[in-house]
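These are my notebook entries on one protein chain. I set down what I looked up, entry by entry.

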Amino acid sequence: MDRPLSRPPSWILHHYAGLLLTAAVAAVALVLGHWLPLAGGPVFGIVLGIVVKILLAPGSRFDAGIRFGGKQVLQWSIIALGFGLSLGEVLKTGMSSLSVTLVTMSVAFVSAWLLGRWLRVDGRMTVLIGVGTAICGGSAIAAVTPILKPDDHETALSISTIFLFNLVAVLLFPLLGHLMHMSDLGFGLWAGTAINDTSSVVAAGYAFSDLAGGYATIVKLTRSTLIIPICLVLTVAMAALAKRGSNIAGAAGGFNLGAIFPWFILWFLVASGLRTAGWVPDAALPLLHTLAEVLIVFALSAIGLSANLRRMAATGVRPILLGLGVWVAVATSSLVVQYFIGQL
């Protein structure tokens, strides 16, 4: 009985500094977001987090709380969004966006392979950047790392490259969407299929409009589940390369479904199912929407605070050019497919 009671104080002592700093940044971001809704709280959260990281350089005692905010709180925010969405609409949106998602994924892998060979980027790093761009940024890279067994610096450089274009997308996509006079659903589909990380998809989507944000989130969650078949394919491919004696295979690891499955998506569907079944009263929806907004801004503030610009600057030109080329190819292919299916 004593052991469970001893955990909360220890956990709080380990996390409180980072959580308080993140909360302060998020509070300012929420105020600025309501003052300038065209940018929105999520965008301000990321930008202010980066500024605070540069100016104040918070020490290691802030790291645990910031990491918790950037990962766990982000997942909670997405679950909270589920309470405001019909399960039927979630499933319909996921299925209707699947064709665009499959095209952009294919473009990501083909362009990564071609550009990686042209730029002479290491094979593992090429795969990491391709997977990160195709699926869900740093989360996808983390999922395939046990399979590819890259060096630590390859993983770090790949994540830094992906994160760089996440930041660019958050700032650039809403502006481009308005300049192209995109519809809310068109922009949501574009953001959900062409932006790497879930957090950046949410930030860019809600910066455009609430409708675009909700739609983009569903599209992105559908896209994230595809990490499972990708990991299966990579496991088979690495085993085949190992048999042939290829040096890219190295000591390839195995496939662990429980470790890589994005479980928060299941809870998002449960929350949506409760809403659809009528177990969430209409009177609670404004409160849940506000809670989701606060959690999103909090999570994105933490992600901004976790930005390591020094590591990003040390990435080197070739991985950045590879990431840029793949990202542009994916974003362009998403728009082209939408144009032909009349979604824009």
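**Entry 1: a loop residue.** I began with Arg-120, which lies in the loop between helix H4 (87-119) and helix H5 (123-134). Helices here are DSSP runs of H or I with at least four residues, strands are runs of E with at least two, and both are numbered from the N terminus. I noted that Arg-120 has a positive phi of about 60 degrees although it is not a glycine. Arg-120 is also exposed, at a relative accessible area of 64%. For this term I used these limits: buried is under 20% relative accessible area, exposed is over 50%, and partly exposed is in between, with a 1.4 Å probe and protein chains only.

**Entry 2: basis of the values.** The model is predicted, and I noted that local features need pLDDT of at least 70 and side-chain atom pairs count only at pLDDT 80 or more, while totals for chains, interfaces and linings use all residues. Residues are numbered from 1 along each chain as its sequence is written, and side-chain values use heavy atoms, leaving out hydrogens and water.

**Entry 3: another loop.** I found His-181 in the loop between helix H7 (152-179) and helix H8 (184-194). His-181 is not a glycine, yet its phi is positive, about 55 degrees. Its relative accessibility is 69%, so His-181 counts as exposed.

**Entry 4: the whole chain.** I recorded 16 helices and zero strands in the protein chain. Of its 344 residues, 49% are buried.

**Entry 5: the cores.** I then looked up the nonpolar cores, which are sets of buried Ala, Val, Leu, Ile, Met, Phe, Trp, Tyr and Cys residues joined through side-chain atoms within 4.5 Å. The largest has 47 residues, and among those with the most contacts inside it are Val-131, Phe-173, Phe-187 and Trp-190. Not counting residues up to four places away in sequence, Phe-187 touches Phe-173, Met-182, Phe-208 and Ala-212, among others; contact means heavy atoms within 4.5 Å. A second, separate core of 38 residues includes Leu-30, Ile-46, Tyr-206 and Phe-264.

**Entry 6: a charged pair.** How many salt bridges does the structure hold? I found one, the term meaning a side-chain nitrogen of Lys or Arg within 4 Å of a carboxyl oxygen of Asp or Glu. Asp-282 pairs with Arg-275 in this salt bridge, and their closest N and O atoms are 2.9 Å apart. Asp-282 is exposed, at 55% relative accessible area, whereas Arg-275 is partly exposed, at 24%.
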